[in-house]
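Hi everyone, thanks for coming. I'd like to walk you through one structure this morning, so please have a look at the screen.

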Amino acid sequence: MSDKLFKTLMYTALLLGVLSVVLLLIYTLYLQGNASILSYIGNERF
Amino acid sequence: MNKKTVLQVISLVALVLFFVVLDIVIFNIITYRYVNHADALTASKSIKLDDFLPFDKSSGIVNIKGETLSGDLPVLDGATALFPIYSAFMNSTYPEGSCIWNGADFSPDSYLQKTGTTKAYQRILDGNADIIFVAGPSEKQLQAEKDAGVELVYVPIGYEAFVFIVNSGNPVDNLTTSQIKDIYTGKIRNWSDVGGIYTPINALTRAEGSGSQTAMLAFMGDEKIEKNITDVFGKSIGYSFRYYVSDLSGKENIKTLALDGVAPTVENIRNGTYPEVDAFYAVYRKDDDNPNIKLLIDFILSQKGQDIVSGSGYVGVELK
């Protein structure tokens, strides 16, 4: 694998990884706005 | 494949795996808790309003017929937890067609609305609702009433237990009043200190102005609620009203705690042994001269009206 290809793949993976975390956090904030206290407690795992 | 290429592939796979694991951890610790497993309507309305609409033979409301009002019909609004009651009052005393439900919400022309406690208080001050069915007002709501130059009349129409709730897997079944105050002031921060497992206590609160938050502030008295952000990773305690938790919301995996050793049952509300019982009110503007308001209040306080309150699962004023 050439260094250029490796760098491109690493940056792409990094970008997609960060993007996935950001999207997950945005989704979480969206859910937080709609969640009720009951579903929040009911969803806990013991 | 040379050694350098192998290292490059390993680095790439490790980076991808890192983010996959990070996403899974975030989802399991934080996101999953907010996922509401009920359908979209239930999630947005907290209860299935469709099940408690007036003039519907399959409705879950108490069906007792009173004298039908005519003329200028008051617009009814109020708390989610009390919806089955004021929906039943409309069913008893309003002509059919007074409630216009479009399958997701009430039409602006409907005489029945359900905007929740905070908005309902605002709507009666703005003149957009005529009678609201709510828990007692918060300090802020009393101030808003004063600022608007409006005098509201609060008529107690029933009683309900203010309850503390945890996940049904939580081994704790009972807390004392002082333990709960210590939890919400941050003096007790681990479930193991009150007979539970060793994990932080995530003490949840509600939005200011909601009926249960007003009740909680009254419960706490002079003690100030303190929150610690790291406790969000622990197991939660919250609060609500008994009937909303036990019958209306349809939420699973929730249990109510006994308070000072007394379970929040209808019997214990009636016999006065459950320590946290709050009145709920029909509220109208003193300057509203619509004669139907008095007629409706009289009906609510009559035997039929109180049968609706008790038949809906609450405790009527004459029964306490």
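I'll go through a helix, some aromatic rings, a strand, a pair of helices and a few loop residues. One thing to keep in mind throughout is that this is a predicted model.

Let's start with helix 4 of chain B, residues 117–126. Which of its residues are buried? They are B:Thr117, B:Ala120, B:Tyr121, B:Arg123, B:Ile124 and B:Leu125. After the helix comes B:Gly127, with a positive phi near 85 degrees.

While we are at this helix, look at B:Ser210, in the loop between strand 5 and helix 7 of chain B. Leaving aside residues up to four places away in sequence, B:Ser210 touches B:Thr117 and B:Thr118. B:Ser210 counts as buried because its relative accessibility is 12%, and the cut-off for buried is under 20%.

Now to the aromatic rings. How many aromatic pairs does the structure hold over all chains? There are 16. One of them is B:Phe162 with B:Phe219: the ring centres are 6.5 Å apart and the planes are at 55 degrees, so this pair is tilted. The two partners come from distant parts of the chain, with B:Phe162 in strand 3 of chain B and B:Phe219 in helix 7 of chain B, 57 residues apart. Both ends are buried, but let me give you the values: B:Phe162 has 0% relative accessibility, and B:Phe219 has a relative accessible area of 5%.

Compare that with B:Phe164 and B:Tyr239. Here the centres are 6.2 Å apart and the planes are at 75 degrees, so the pair is edge-to-face. This pair also links distant parts of the chain: B:Phe164 is in strand 3 of chain B and B:Tyr239 in strand 6 (residues 235–241) of chain B, 75 residues apart. B:Phe164 and B:Tyr239 are both buried.

Elsewhere, ring pairs join B:Phe83, B:Tyr86, B:Phe89, B:Trp101, B:Phe106, B:Phe133 and B:Phe299 into a cluster.

B:Lys181 lies over the face of B:Phe219, 5.7 Å from the ring centre. And there is one between chains: the charged end of B:Lys235 sits over the ring of A:Phe46, 5.2 Å from its centre.

B:Lys235 brings us to strand 6 of chain B. Is this strand mostly covered or uncovered? It is mostly covered, with seven of its seven residues buried. As a reminder, side chains in a regular strand alternate between the two faces of the sheet. In strand 6 of chain B, one side carries B:Lys235, B:Ile237, B:Tyr239 and B:Phe241, the other B:Ser236, B:Gly238 and B:Ser240, and all of these are buried.

What are the strand partners? Strand 3 of chain B runs antiparallel to strand 6 of chain B, joined by four bridges, and B:Phe164 stands opposite B:Tyr239 there. Strand 5 (residues 201–203) of chain B runs parallel to strand 6 of chain B, joined by three bridges, with B:Asn202 opposite B:Ser236.

Next, a helix pair. Helix 3 (residues 83–93) and helix 11 (residues 303–311) of chain B pack at about 145 degrees, with axes 9 Å apart. Their crossing is right-handed. On the helix 3 side of chain B the contact uses B:Ile85, B:Ala88, B:Phe89 and B:Ser92, and on the helix 11 side of chain B it uses B:Gly305, B:Ile308 and B:Val309.

Last, the loops. B:Phe55, in the loop between helix 2 (40–45) and strand 1 of chain B, has a positive phi of about 60 degrees although it is not a glycine. B:Asp260, another residue other than glycine, has a positive phi near 55 degrees. Where is B:Asp260? It is in the loop between strand 8 (258–259) and helix 9 (266–270) of chain B, and with a relative accessible area of 40% it is partly exposed. B:Thr265 is also in the loop between strand 8 and helix 9 of chain B, and is partly exposed at 30% relative accessibility. The C-alpha atoms of B:Thr265 and B:Tyr243 are separated by 9.5 Å, and the two residues are 22 apart along the chain.

Definitions and conventions:
Residues are numbered from 1 along each chain as its sequence is written. Chains are lettered from A and ligands numbered from 1 in the order in which they are written. This is a predicted model: local features need pLDDT of at least 70, side-chain atom pairs count only at pLDDT 80 or more; totals for chains, interfaces and linings use all residues. Side-chain values use heavy atoms; hydrogens and water are left out. Buried means under 20% relative accessible area, exposed over 50%, partly exposed in between (1.4 Å probe, protein chains only). Helices (H or I, at least four residues) and strands (E, at least two) are DSSP runs, numbered from the N terminus. Rings of Phe, Tyr and Trp (its six-membered ring) pair if their centres lie within 6.5 Å; planes under 30 degrees apart count as stacked, over 60 as edge-to-face and the rest as tilted. A charge sits over a ring if NZ of Lys or CZ of Arg is within 6 Å of the ring centre and within 35 degrees of the ring normal. Two strands pair if DSSP finds at least two bridges between them. Contact means heavy atoms within 4.5 Å. Axes are lines fitted to C-alpha atoms, for helices over the stretch in contact, and angles run from 0 to 180 degrees between N-to-C directions. A crossing is left-handed if the near helix is turned anticlockwise from the far one by less than a right angle, and right-handed if clockwise.
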